[in-house]
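Colleague: Please take a close look at the aromatic pairs in this model. I would like one connected account.

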Amino acid sequence: QVHLVESGGGLVQSGGSLRLSCVASGSTYRIHVMGWYRQAPGKHQRELVASITVSGRTNYADSVMRRFTISADNAKDTVYLQMDNLKPEDTGVYYCNTDTGAGWSERYFWGQGTQVTVSS
């Protein structure tokens, strides 16, 4: 089991910045990829915002490219999402996720989510 706890959400004006943090605990040795997903208001699906592998390879949604930066501190089992130049369409609940790879009875784990609201 991997337990994830997010923090850092809040209300910010358009053009502002926020930094999200996600601390992992438990069987963290199983982690292959950490990612941030968001669920926009009124939508059921969560979309991938950014991800980072244990080797440091990053991936971003087109909509956040050059505005958001994902990073990890492996010693602290923590992943960050620096969000700059925020837009109202970035509003949503942001969830931390980890993929522990195939072969486990439970592969994916989620945090409880943190609300980000960007006012225009």
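**Aromatic pairs**

Modeller: Tyr-95 is buried, at 11% relative accessible area. Buried means under 20%, exposed over 50% and partly exposed in between, with a 1.4 Å probe and protein chains only. Two notes on the basis. The model is predicted: local features need pLDDT of at least 70, side-chain atom pairs count only at pLDDT 80 or more, and totals for chains, interfaces and linings use all residues. Residues are numbered from 1 along each chain as its sequence is written, and side-chain values use heavy atoms, with hydrogens and water left out.

The whole structure holds three aromatic pairs. Rings of Phe, Tyr and Trp (its six-membered ring) pair if their centres lie within 6.5 Å; planes under 30 degrees apart are stacked, over 60 edge-to-face, the rest tilted. Tyr-29 and Trp-104 pair edge-to-face, with centres 6.5 Å apart and 70° between the planes. Tyr-29 lies in the loop between β3 (18–26) and β4 (33–39), Trp-104 in the loop between β9 (92–99) and β10 (108–110), so the pair ties together parts 75 residues apart in sequence. Strands are DSSP runs of E, at least two residues, numbered from the N terminus. Tyr-29 is exposed at 63%. Trp-104 is partly exposed at 40%.

Back to Tyr-95. Its ring centre is 6.4 Å from that of Trp-110, and the planes meet at 85°, so this pair is edge-to-face. Tyr-95 is in strand β9 and Trp-110 in strand β10, 15 residues apart. Trp-110 is partly exposed, at 37%. Tyr-37, Tyr-95 and Trp-110 form one aromatic cluster. Arg-46 lies over the face of Tyr-95, 3.6 Å from the ring centre. The criterion: NZ of Lys or CZ of Arg within 6 Å of the ring centre and within 35 degrees of the ring normal.

Note on methods:
Helices (H or I, at least four residues) and strands (E, at least two) are DSSP runs, numbered from the N terminus.
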